[in-house]
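Trainee: I would like to learn how to read salt bridges and an interface. Could you take me through some cases?

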There are 2 protein chains.
Amino acid sequence: MSTQRLSLNRWTFRTTPLQEFLETTVSHGIESVGLWRQDVAEVGLDALRRRVDDAGLRVSSLCRGGFLTASAAVDRTAALEDNRRAIDETAGLGAPTLVLVVGGVDRADKDIVGARTRVTEAIAELAPYAAERGVTLSIEPLHPMFAADRAVVSTLDQALDIAEASGNPAAGVVVDTYHVWWDPYLERAIQRAAAADRLFSYQVCDWNLPLAAEPLHSRGYMGDGYIDFPSITRMVAATGYTGDIEVEIFNEDVWATPADDAARTIAERYAELVLPHA
Amino acid sequence: MSTQRLSLNRWTFRTTPLQEFLETTVSHGIESVGLWRQDVAEVGLDALRRRVDDAGLRVSSLCRGGFLTASAAVDRTAALEDNRRAIDETAGLGAPTLVLVVGGVDRADKDIVGARTRVTEAIAELAPYAAERGVTLSIEPLHPMFAADRAVVSTLDQALDIAEASGNPAAGVVVDTYHVWWDPYLERAIQRAAAADRLFSYQVCDWNLPLAAEPLHSRGYMGDGYIDFPSITRMVAATGYTGDIEVEIFNEDVWATPADDAARTIAERYAELVLPHA
């Protein structure tokens, strides 16, 4: 069973110790992992890089920067500073891209349009810093279910508008099936992203129903929900995308499964539903 | 306190007996109600019309037709037949428009694109029937959170594409703040709807967090959540929309509130957050 181009996202295995996660990845013939800043904080940047190198793995992305919607100057400055550190960490891990979850609406003013403007300005400010360090910024449109509390960027087209407004080729997008599968203009937007050389990452997991009590945790193994992985993967492949394909699942049941079993299920579903179309 | 153009949707008061609902509406100086087919089924079309007339009320809309995504011929025929009955009921109540929730994805094929094609074809088939009876069809884009199980139409632009594909002026859209507030292209889409003479209804309620266990029931009184009602209402008003503004709230707490209290809260919030901008 081929696991070519498959990358396991760390948060899919958040309950597994880091070393076990890396070893599980290797034991399934998988060559790449998506890491989180929590890993950097836990073991330190250099030690984390060494562990990944020693395991013979690549880092497909670092998750996550963002949260750029604050309007107070002091909060905005702190957010930009934190994102510069995240960019440094991305470069330090040899990862090509930093994933950005842009932040939600301030309930005090409910000004979603203003929040988007601040995101656009912040990304324009961060993109040159990323470019200088050889990494890209992957703006992640989140499912509109999270527009209030996590991301005022809800569609791929909107993320591309923001990336293009930066005027910098280091700003682009990540396509995560969970967040964009419902978009009636998805194929057109994927083509637009690739044509602009701004399609930096492809992530897969399914949309499960009923929603979990914490909706963030409704992500499922490919095949368990409603998403048409062959069709979306073909849209991505048709643009010439040849990068890693990360599996990022937040799901209480998956977290309760032994890592080896979860990795096996992911590899099987990937080989069945994704890779043949990639 | 002015309740001009305010309409109370029946489902906001689903736990209240019909007659009490109508009397509560009148007692707050409200002139219009949005009804559901369940009311028709319960008391009969003619009797329902008489009760509404006797109360001196208008019917702003009937909810709901739709569920047009089935692929089997027998299911499709049944759905069209049921929608024709819903159109007849709309006309029989003197309501201007029938609200359509188009239906979700068949989990067996996961073919969201095919489901949308069937919706487009069905609405083109139903629109002339509606036009002949003097009613319009309001396609309701539902929040993408419901794309899997309730509506493969998720944005106002997409609903307009479908309405325009019918080639019939009787097909149009309803703007429900709960479903579309997050849309980065909302203002443009509202303008497009109005320019095409296809903006048939405006409905308001808030987006509350955390989501209810049944996400459908996360709708709240205006002001309780994250939606910027003044801004969205101004977008609608700027197009020249002068129709009713329906308040449709599905919320366990509201359903547990005495109808008179709930109507008072709605009237207050409407007068504060919506009407001054309408």
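Trainee: In helix α4 of chain A, how many residues apart are A:E81 and A:R84, and what separation in helical turns goes with that?

Mentor: The model is a predicted one. A:E81 and A:R84 sit 3 residues apart in helix α4 of chain A, so about one helical turn separates them. They form a salt bridge, with the closest N and O atoms 3.4 Å apart. A:E81 is partly exposed, at a relative accessible area of 37%.

Trainee: Which parts does the salt bridge between A:R37 and A:D82 tie together?

Mentor: Their side chains meet at 3.1 Å, N to O. A:R37 belongs to helix α2 and A:D82 to helix α4 of chain A, so the pair ties together parts 45 residues apart in sequence. Buried means under 20% relative accessible area; A:R37 is buried at 15%, while A:D82 is partly exposed at 30%.

Trainee: Which residues are linked with A:D157 in a network of salt bridges?

Mentor: A:D161, A:E164, A:R188 and A:R192 are linked with A:D157 in that network. The side chains of A:R192 and A:D157 meet at 2.8 Å, N to O. A:R192 is in helix α8 and A:D157 in helix α6 of chain A, so this pair ties together parts 35 residues apart in sequence.

Trainee: How is the size of an interface given?

Mentor: Often as the accessible area lost when the parts come together. Chain A and chain B bury about 2700 Å² between them, 63% of it on carbon and sulfur atoms. Of the area that chain A buries against chain B, A:K110, A:W182 and A:Y226 supply 22%, more than any other three residues.

Trainee: How many salt bridges are counted between chain A and chain B?

Mentor: The count is 0, but 16 residue pairs are in polar contact across the interface.

Definitions and conventions: Residues are numbered from 1 along each chain as its sequence is written. Chains are lettered from A and ligands numbered from 1 in the order in which they are written. This is a predicted model: local features need pLDDT of at least 70, side-chain atom pairs count only at pLDDT 80 or more; totals for chains, interfaces and linings use all residues. Side-chain values use heavy atoms; hydrogens and water are left out. Buried area is the accessible area (1.4 Å probe) that two parts lose on being put together, summed over both. A salt bridge is a side-chain nitrogen of Lys or Arg within 4 Å of a carboxyl oxygen of Asp or Glu. A polar contact is a pair of N or O atoms within 3.5 Å; within protein, one must be able to donate a hydrogen and the other to accept it, and residues adjacent in sequence count only if both atoms are side-chain atoms. Helices (H or I, at least four residues) and strands (E, at least two) are DSSP runs, numbered from the N terminus. Buried means under 20% relative accessible area, exposed over 50%, partly exposed in between (1.4 Å probe, protein chains only).
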